[in-house]
Amino acid sequence: SVRDTDGNGCSATSAATTVTVNPIPPTPTVTPGGPTTFCSGGSVTLTSSSASGNQWYLNGAPIGGQTSQTYVASAAGDYTVVVTATGCSSAASAATTVTVNPNPNATITAPSAVSSGSPGNIASVASAGAGATYNWSITNGTITGGTGANSVAFTAGATGTLTLQVTVTTGAGCADTKSANVNVGLPAVTVTSVAPATGSINGQTAVSVNGTGFLSGATVTFGGTGATSVVVVSATKITAVTPAHSAGSVNVTVTNTNTSAGTLTNGYTYAQLFDANGDHTIDPSDIFYLISYLFLHGPAPVGGMTAGDANGDGVVDPADIFYLVNYLFLHGPAPYSEPVVHTSSVSAPLKGSISLGQPVLRGDRYVIPVTVSGAPSAMSLRLGFDAAGEGVTIQRAPGLQPAFEISRHGDRELTYLVAYDGTMDGVVANIEVPAGARLSSIRIEGDGTLLCDREGIRKATVAAGTLTVNGTTVDGGRPHIELPRSER
């Protein structure tokens, strides 16, 4: 209360005002009801030491409406509690730190559908970081690689449903389990190519059939006829040997044991391939076979004339020999399987000449030079005699080094074939005739004589009017050189 006294000595006393001082509540303590570190989705119950007057805080901010003695904490952070009694608040409790570790994501990424029996399918989950483990399982299939990793390879089982399941556990011990279903159907069989794409009508060509969905036990047909020696190398490759078939393009079909099939329309062409002597091999023996046929009256190409047409120009002549020489000895292209049109022969035909020079007596032999023009790379020269022509020879000109050279004697004739890596012009060979030979004439035969390029494609012939040949007449009993009959 207060007393007030004026100047006259008069005083009065106020009514009393009562002041009450309440004590500050003691600082509370917090007791966790379990571990304060747990995985996402977990919680811990925090209990205040005060039965009433509590206000819970997270990271220093009040948690609205949380005034009970206990609080269930599920978020990470520092938790404190303040007690208020009779209007007085205590100091905040010591912080209790709650740690929440994240759960991994075990969602499986996998194909929605696979083919029955197909290997190498991939399923995966997101990486859960260092120390994580991955426990996979599968039904209607087999895990073939990656066990214990976040990505696995699997082989599908029978048609139906395949189920994958994985439990991912982080290094902190948090786990997630999920599964995924994959539809298993019949393999999608496709045939994309056959190599080589052309083969003999006699079959027996080893081929590779390429595509998808090939299963063990698959069969292969060419134009409806079954191949032999079928080996399923993988789901994308089959090796086989073709059956015989008439010429033309045929469908190639692969059929799995579960009846799924795929077809490449007109995927393979049967043709009469070049094989002059019919031994299924292209080698120098084919050269000599054609020489025998063209110049020595030997048998025609085995399998028909197409089998002797190496350069694909529709005829069998010495150019085919030079085409083979280019292929076998000079790394040129392989013989063709059917007639083709060569752009080079159409746009730039070869023209040239072959001339026999004046005979010159050298010792006991007459030497007749053979001169060529037109810059060819190969020459086939067929000489005809009016007698047996014994002792008549032909040799390359001195200093020349051909890539291929051969001469053959026939009945009253001599054939000389020569090919160069480059071109030739001028005197390329010499005919040598014994001085006592009983020949009265030597002639150049238009049939069997030609000039051509190294590839055996562009050629000059008498019949085509692109090759001229010239001879020489000599008196005194020496050889009389005649033009071809067609040139007389």
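**Briefing: strands, ring pairs and enclosed space**

Gly-199 stands opposite Tyr-270 in strand β27. The model is predicted, so to speak of local features pLDDT must be at least 70, side-chain atom pairs count only at pLDDT 80 or more, and totals for chains, interfaces and linings use all residues. Residues are numbered from 1 along each chain as its sequence is written, and side-chain values use heavy atoms, with hydrogens and water left out.

- Strands here are DSSP runs of E with at least two residues, helices are runs of H or I with at least four, and both are numbered from the N terminus.
- Two strands pair if DSSP finds at least two bridges between them.
- The open sheet has 5 strands in the order β20-β27-β26-β22-β23, and its pairing is mixed.
- Its edge strands are β20 (198-200) and β23 (225-226), each of which pairs on one side only.

**Aromatic pairs**

- Rings of Phe, Tyr and Trp (its six-membered ring) pair if their centres lie within 6.5 Å; planes under 30 degrees apart count as stacked, over 60 as edge-to-face and the rest as tilted.
- This rule gives a count of 4 aromatic pairs.
- Phe-222 and Tyr-268 have ring centres 5.2 Å apart and planes at 80 degrees, so this pair is edge-to-face.
- That pair links distant parts of the chain: Phe-222 lies in strand β22 (residues 219-222) and Tyr-268 in strand β27 (residues 261-271), 46 residues apart.
- Phe-222 counts as buried at 0% relative accessibility, where buried means under 20% relative accessible area, exposed over 50% and partly exposed in between (1.4 Å probe, protein chains only).
- Tyr-268 is also at 0% relative accessibility and counts as buried.
- Tyr-268 and Tyr-270 have ring centres 5.0 Å apart and planes at 80 degrees, so they too form an edge-to-face pair.
- Tyr-270 is buried, with a relative accessible area of 1%.
- Elsewhere, ring pairs link Trp-56, Tyr-71 and Tyr-79 into a cluster.

**Pairings of strand β9**

- Strand β6 (residues 54-58) is joined to strand β9 (residues 77-85) by 5 bridges, and the two run antiparallel.
- Across that pairing, Tyr-57 stands opposite Thr-80 in β9.
- β9 also pairs with strand β11 (residues 96-101), in the antiparallel sense, over 3 bridges.
- Gly-77 has Val-98 in β11 as its bridge partner.
- A further 2 bridges join β9 to strand β10 (residues 88-89), and this pairing is antiparallel.
- Ala-85 stands opposite Cys-88 in β10.
- The hairpin of β9 and β10 has 2 residues between the strands, and Thr-86 takes a positive phi near 45 degrees there.

**Three-stranded sheet**

- Another open sheet has 3 strands in the order β13-β16-β15, with antiparallel pairing.
- β13 (121-124) and β15 (141-145) are its edge strands, each pairing on one side only.
- The twist averages 40 degrees from one strand to the next, with axes as lines fitted to C-alpha atoms (for helices over the stretch in contact) and angles from 0 to 180 degrees between N-to-C directions.
- 4 bridges join β13 to strand β16 (residues 151-156), and the two run antiparallel.
- Ala-123 has Val-152 in β16 as its bridge partner.

**Cavity and pocket**

- On a 1 Å grid over the protein atoms alone, a cavity is a set of points where a 1.4 Å probe fits but cannot get out, and a pocket is an open set with protein on both sides within 12 Å along at least five of seven lines; lining residues have an atom within 4 Å of a point.
- Grid points are joined across faces, edges and corners, and a volume is the space filled by probe spheres set on the points.
- The structure holds 1 cavity of 30 Å³ or more.
- The largest cavity has a volume of about 40 Å³.
- Its lining is made of Phe-322, Val-325, Asn-326, Leu-330, Ala-378, Ala-419, Tyr-420 and Arg-454.
- Helix α2 (residues 318-329) gives the most to this lining, with 3 residues.
- By class, the lining of the largest cavity has 6 nonpolar, 1 polar and 1 charged residues; Ala, Val, Leu, Ile, Met, Phe, Trp, Tyr, Cys and Pro count as nonpolar, Asp, Glu, Lys and Arg as charged, and the others, Gly among them, as polar.
- The second largest pocket holds about 220 Å³ of space.
- 15 residues line this pocket, and the closest to its centre are Asp-317, Pro-318, Gly-446, Asp-447 and Gly-448.
- The pocket lining divides into 7 nonpolar, 5 polar and 3 charged residues.
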